[in-house]
Amino acid sequence: HLRKFTKLPDGRGQWLFLRFWSTQFRDYLANHPDPAMPPRFFDGIARAFCRMPDDRWLAISGGTTAPRSDGFLDAFTAHSRILLRQRFVARLAEVLSDIYPDPPSNTQVAAFYCHARNRGYRAERAIARYVETLFILFRHRIDEARLLDRPEARAVETYSDTGRARALLDIVKQLETAP
């Protein structure tokens, strides 16, 4: 029954893949008490079991009333983006803790992440580099505007986000080691 839900149309008629067996979908079901679902998703299913971390199991009941079917793709997409961001921030915090003896907290990394996104960085590598740049600035109490006002920083404004982030990280590392 569930195999027919591996592809779903979005509101514009584009077909999207739904990996209902993934941990993201499992977490969506576990974290939403009344989840929006694709129409007729649980038809003919009385109960499904999902394996949770630490060998716990989550029982999901198809129930007698159908779950809401409006807005599933929007709700699931929003949930997935949050989950992916949290995982990325946790990995990034772990990497920074391997590099620096006084690493930033996950909360700081999340704030730096949001700031990098607001600055226009989209690629993970660019975000990671700019987060490290912001952390170095924070450690040395250097204002970001001071960095961005430097001629060599203005010279890389037209670079791709990854190239710009790499160049700014190089600049700030030079500032860090300068007497």
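Analyst: What follows is a walk around helix α4 and the elements beside it. Bear in mind that the model is predicted.

Start with the whole. The protein has 7 helices and 4 strands. Along the sequence they come in the pattern β-β-α-β-β-α-α-α-α-α-α. There are 179 residues, and 35% of them count as buried. Take the contacts in the protein with a separation of 6 or more: residues 24 or more positions apart account for 55% of them.

Now the helix itself. α4 runs over residues 124-139, which is 16 residues. From its first C-alpha to its last it reaches 22 Å. That is close to the 22 Å expected at 1.5 Å a residue.

Which residues of α4 are buried? They are A126, I127, Y130, V131, E132, T133, L134, F135, I136 and L137. An α-helix has 3.6 residues a turn, so residues three or four places apart point the same way. The cover over the buried residues of α4 includes α2 (72-99), α3 (106-118), α5 (144-148) and α7 (161-177).

Look closely at one of the buried residues. T133 is in helix α4. Its relative accessibility is 0%, so T133 counts as buried. What does T133 touch, leaving aside residues up to four places away in sequence? The partners are L147, A165, L168, L169 and V172.

Next, α2. How do α2 and α4 lie against each other? Their axes come within 11 Å and cross at roughly 50°. That angle makes α2 oblique to α4. The crossing is right-handed. From α2, the residues that meet α4 are F88, R91, L92, L96 and I99. From α4, they are E124, I127, A128, V131 and E132. By class, the residues of this contact divide into 7 nonpolar, no polar and 3 charged. Three of the α4 residues named here, I127, V131 and E132, meet α2 and are also buried.

α2 has another partner, α3. These two pack at an angle of about 115°, with their axes 9 Å apart. α2 passes α3 in a right-handed crossing. On the α2 side the contact is made by R85, F88, V89, A90, L92, A93 and L96. On the α3 side it is made by N106, V109, A110 and Y113. The classes here are 9 nonpolar, 1 polar and 1 charged residues. F88, L92 and L96 of α2 take part in this contact, and they meet α4 too.

Stay with α3 for a moment. Q108 has its place in this helix. Q108 is partly exposed, with a relative accessible area of 23%. Q108 and A93 are 15 residues apart in sequence. In space, their C-alpha atoms are 8.9 Å apart.

G71 is partly exposed, at a relative accessible area of 40%.

What happens just after the helix? R141 takes a positive phi of about 55° there. Most residues other than glycine have a negative phi. R141 has a positive value and is a residue other than glycine. R141 lies in the loop between α4 and α5. Is R141 buried or exposed? R141 is exposed, with a relative accessible area of 76%.

α2 crosses α4 at roughly 50°. After the helix comes R141, with its positive phi.

Methods:
Residues numbered from 1 in each chain as written. Predicted model: local features only at pLDDT ≥ 70, side-chain atom pairs only at ≥ 80, totals over all residues. Heavy atoms only, no water. Expected span 1.5 Å × (residues − 1). Buried < 20%, exposed > 50% of the residue type's maximum accessible area, 1.4 Å probe, protein only. Contact = heavy atoms within 4.5 Å. Axes fitted to C-alpha atoms, helices over the stretch in contact; angles between N-to-C directions. Parallel < 35°, antiparallel > 145°, perpendicular 65-115°, else oblique. Left-handed = near helix turned anticlockwise from the far one by under 90°. Nonpolar A, V, L, I, M, F, W, Y, C, P; charged D, E, K, R; others polar.
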